[in-house]
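Here are my notes on the model you sent. Please read them with the structure open beside you.

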Amino acid sequence: MIQAQLIQAQSIDHVQQMLTEQGYVCGRPLATIVFLSLKLGRPLFLEGEAGVGKTEIAKALAAAFGRRLIRLQCYEGLDASSAVYEWNFAAQMVAIRTAEAAGGADRATLQTELFSDEFLVERPLLEAMRPDENGPPVLLIDELDRTDEPFEAFLLEALSDFQVTIPELGTIKAPEPPIVVLTSNRTREVHDALKRRCLYHWVDYPDFAREVEILKARAPEASDQLSHEVVAFVQTLRTEDLFKKPGVAETIDWANCLLALDVIDLSPEVIADTLGAILKYQDDISQLQGSDAKRILDQARASLDEA
């Protein structure tokens, strides 16, 4: 796996270029940690606020390398069996009844057949361990902070040896380890033992120039004037006392909404009508109704004039 990746990612600049070609604009520090993750075969652990592009980098890597993207969406109560495999109970019951109806079924033979690959439902971690003709997949373990410590402990073991054990079938080891990207919104701290297995990077909100660059890549139809106003407004908005500050994803969504409405430049009225694209909590939306929207817009335009 590592040799194949190195052929496609010869340098940090090359990684940055490949990601840019997939519409993912990132700075050199992030490109460096991605390059090292590929070169050393280490999982990549990304933390940051929601909507800053952590999940998107896994998608961009999969597209850049022509690999399959396998996503494990984490949630409270996720356990090892749900992440690895389950048995198709309904199909097993049909097979049992069919064997009983035929008569003379050998119990040992039937049990072996019931717990075979035919009745195995593969979940993301097991899928990622399977060989793939296009090369090892990209395994995205998304929002790890939503799970609990027992699952973290299991994941630590699975990522150490890139293998999982199914009691009825034995241990399944990846012939080539997948490219692993873990993300966390830091709603709680992830255990140090798991972080030590990974290369770590905090994905922060981009500065003005980079966010404009991102917007041009993801919403190229937007004019320079509109792109600059949108980014300046969102970045000013992030300085406000909000329950949930808008991420880059919201910047892109808002720009696309404005384009759909044929908006040429921002106004307090347009902002009020489209706040649901950038703010997701009613208290935040209520706070920006009326004069506050105009005040922030004026501040944003003043910052553009100063630039």
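1. A definition comes before the pocket: a pocket is an open set of grid points with protein on both sides within 12 Å along at least five of seven lines, and its lining residues have an atom within 4 Å of a point. Please also keep in mind that this is a predicted model.

2. The overall picture. The protein chain has 16 helices and nine strands. Its C-alpha atoms fill a box of roughly 85 × 45 × 35 Å along the principal axes. Of the 307 residues in the chain, 46% are buried. Among contacts in the chain with a separation of 6 or more, 75% are between residues 24 or more positions apart.

3. The largest pocket. About 630 Å³ of space lies in the largest pocket. The pocket is lined by 33 residues, and those closest to its centre are Tyr24, Val52, Gly53, Lys54 and Val203. By class, the lining has 15 nonpolar, eight polar and ten charged residues.

4. Which element gives the most to this lining? Helix H13 does, with four residues. Helix H13 spans 248-260, and it is one of the elements that each supply at least two lining residues. The others are helix H3 (28-40), helix H4 (54-65), strand S9 (199-202) and helix H11 (208-218).

5. Helix H4. This helix has twelve residues and reaches 18 Å from its first C-alpha to its last, close to the 16 Å expected at 1.5 Å a residue. Its buried residues are Lys54, Thr55, Ile57, Ala58, Ala60, Leu61, Ala62 and Phe65. Just after the helix, Gly66 takes a positive phi of about 65°.

6. Ala58. This residue is found in helix H4. Is Ala58 buried or exposed? Ala58 has a relative accessible area of 0%, so it counts as buried. Leaving aside neighbours within four places in sequence, Ala58 is in contact with Leu69, Val138, Leu140 and Val181. Glu149 is 91 residues from Ala58 along the chain, and the C-alpha atoms of the two are separated by 24 Å.

7. Glu47. This residue is in strand S1, which covers residues 44-47. Glu47 is buried because its relative accessible area is 0%. The side chains of Glu47 and Ser184 are joined by a polar contact of 3.5 Å. Not counting residues up to four places away in sequence, Glu47 touches Lys54, Ser184, Arg186, Lys195, Tyr200, His201, Trp202 and Val203.

8. Arg186 sits in the loop between strand S8 (179-184) and helix H10 (192-196). With a relative accessible area of 41%, Arg186 is partly exposed. Phe162 also has a positive phi, of about 50°, although it is not a glycine. The place of Phe162 is the loop between helix H9 (149-161) and strand S6 (163-166). Phe162 counts as buried, because its relative accessibility is 10% and the limit for buried is under 20%. Please look at both backbones in the viewer.

9. Pro206. Where is Pro206 found? Pro206 is in the loop between S9 and H11, two elements that each supply at least two residues of the lining of the largest pocket. At a relative accessible area of 13%, Pro206 is buried. Leaving aside neighbours within four places in sequence, Pro206 is in contact with Glu211, Ile214, Gln235, Arg238 and Val248. The C-alpha atoms of Pro206 and Glu100 are separated by 64 Å, and the two residues are 106 residues apart along the chain.

10. Thr236. This residue lies in helix H12, residues 224-237. Thr236 counts as buried, at 12% relative accessibility. A polar atom of the Thr236 side chain lies 2.8 Å from the backbone oxygen of Ala232. Leaving aside neighbours within four places in sequence, Thr236 is in contact with Ile296, Gln299 and Ala300.

Note on methods: Residues numbered from 1 in each chain as written. Predicted model: local features only at pLDDT ≥ 70, side-chain atom pairs only at ≥ 80, totals over all residues. Heavy atoms only, no water. Buried < 20%, exposed > 50% of the residue type's maximum accessible area, 1.4 Å probe, protein only. Polar contact = N/O pair within 3.5 Å; in protein donor to acceptor, adjacent residues only side chain to side chain. Contact = heavy atoms within 4.5 Å. 1 Å grid on protein atoms, 1.4 Å probe; cavity = no way out; pocket = protein on both sides within 12 Å on 5 of 7 lines; lining within 4 Å. Points joined across faces, edges and corners; volume = space filled by probe spheres on them. Nonpolar A, V, L, I, M, F, W, Y, C, P; charged D, E, K, R; others polar. Expected span 1.5 Å × (residues − 1).
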